[in-house]
Amino acid sequence: MTSIATLGSHCALQVLKGAKDEGLKTILVCEKKREGLYRRFGFIDEFILVDSFMEVLEQKCNSILEKNNAVFIPHGTLIAQMSSEQIESIKIPIFGNKLILRWESNRNMKEKLMKEAQLKLPETISSPKDINKLVIAKRHGAAGGKGYFLATSEEDYRKKRDKLIEQGLIKGDSDLYLQEYIMGVLAYLQYFYSPLKEELEFFGVDKRHESDIEGLARISSPQQMEMNNIPSFNVIANSPLVLRESLLNDVYLFGENFVKASKKLVPPGMNGPFCIEGVYDADAKFTTFEFSARIVAGTNIFMDGSPYTSLLFNEPMSMGKRIAREIKEADSQNKLDKVVT
Ligand code: AMP
């Protein structure tokens, strides 16, 4: 029988609870320092204790997973801690398309895929010299918003960049890229594409609470002017959103175009969970600044389902449970190769 394995972080609780509810064996690759936390939860059947998540690449860990017919569920921690080469070298089957994770981590590939999906993107500013409006300086990879900053001019940019270098967060300009800052309502659109049913499901929307940019709104502008720190965009928590119903048609269109584009550029395409991340402006037009080609932590809000999953399923459905169900169905139809890479 197939079992479900993941790294102990990010959305592991949701993923393994969902797998257990679907009757599958659950395995956690757990750093020793976090064992106490995860032992609190009765739905984790087996622990593989490690000093570092890198041990997933080693034979010892691999053979335990192989023996259990494990399917590995990738999430943000895997992307943040391993290179694309390392992820692609994992021997056990990975749910979804492991090749698309490279497109999430690489800035140019990411833009190419978003353009192919006809998503509207923020303008890229190719050099600090060209800053003539509010821009956001972002770090490459899944930095989670840490060390991002806003700038309105080249001088402003250099001052803040130098401060981050001093703090050891970046080495220089090449660690940053510049994007037009889009003002509006941020929304993180969560989807699941079923390769078995060849159908897109819209799962939910969340917003992120980011420190300390969020705290700025609580401080009056004269006091802000006297402060000398660079507010960052470090994600601390998520909360749910529902969209105006008139926006939903476009939400499905974004997701379907993304699936179509990924089938063309990264076969077998965007299978399983993914997220399109952006901003609704004053005209309710959506600009996409990012995508995640795997489950996002914002789905943790909906462990008992979201307003949108309750329209699609007559039972509470989390993203973790949906993943497990797809694996279970694929297994029973002898089509596991359709849902893993
Ligand atoms: P990212 O790493 O692209 O997910 O960005 C982290 C955070 O930075 C987001 O959650 C937003 O709060 C903010 N952000 C990123 N890009 C933009 C943008 N172009 N306009 C406005 N806010 C942005």
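Predicted model: local features only at pLDDT ≥ 70, side-chain atom pairs only at ≥ 80, totals over all residues.
Visitor: Which strands stand at the edges of the open sheet of five strands?
Guide: Let's start with the order, which reads β11-β10-β9-β12-β13, with antiparallel pairing. A strand with a single partner has one side left without a neighbour in the sheet, so we look for the ones paired that way. Those edge strands are β11 (233–241) and β13 (286–292).

Visitor: In β11, what is the bridge partner of D212?
Guide: Strand β10 covers residues 199–212 and runs antiparallel to β11, with eight bridges joining the two. For D212, the bridge partner in β11 is F233.

Visitor: Which helix packs on the sheet?
Guide: Look for a helix touching β9 (185–194), β10 and β12 (272–280). Its direction makes about 20° with that of β9. The helix spans residues 319–332, and it's α12.

Visitor: Is R161 buried or exposed?
Guide: R161 sits in helix α8, residues 154–166. Leaving aside residues up to four places away in sequence, R161 touches F149, I170, D173 and L176. Its relative accessible area is 13%, and the cut-off for that class is under 20%. So R161 is buried.

Visitor: With which side chain does the side chain of R161 make a polar contact?
Guide: We're still in helix α8 here, where R161 lies. The polar contact spans 3.0 Å, and the partner is the side chain of D162.

Visitor: Where does K133 lie, given its salt bridge with E123?
Guide: The side chains of K133 and E123 meet at 2.7 Å, N to O. Both are partly exposed, K133 at 32% relative accessibility and E123 at 40%. E123 is in the loop between α7 (107–116) and β5, 10 residues away in sequence. K133 lies in the loop between β5 (124–125) and β6 (135–139).

Visitor: How many salt bridges does the structure hold?
Guide: One of them joins R102 and E85 at 3.4 Å, N to O. That pair links helix α6 (residues 100–105) with helix α5 (residues 84–88). Salt bridges that share partners also join E22, E315, K321, R325 and K328 into one network. The total for the structure is 26.

Key:
Residues numbered from 1 in each chain as written. Heavy atoms only, no water. Pairing = 2+ DSSP bridges. Helix = DSSP H or I, 4+ residues; strand = E, 2+ residues; numbered from the N terminus. Contact = heavy atoms within 4.5 Å. Axes fitted to C-alpha atoms, helices over the stretch in contact; angles between N-to-C directions. Buried < 20%, exposed > 50% of the residue type's maximum accessible area, 1.4 Å probe, protein only. Polar contact = N/O pair within 3.5 Å; in protein donor to acceptor, adjacent residues only side chain to side chain. Salt bridge = Lys/Arg side-chain N within 4 Å of Asp/Glu carboxyl O.
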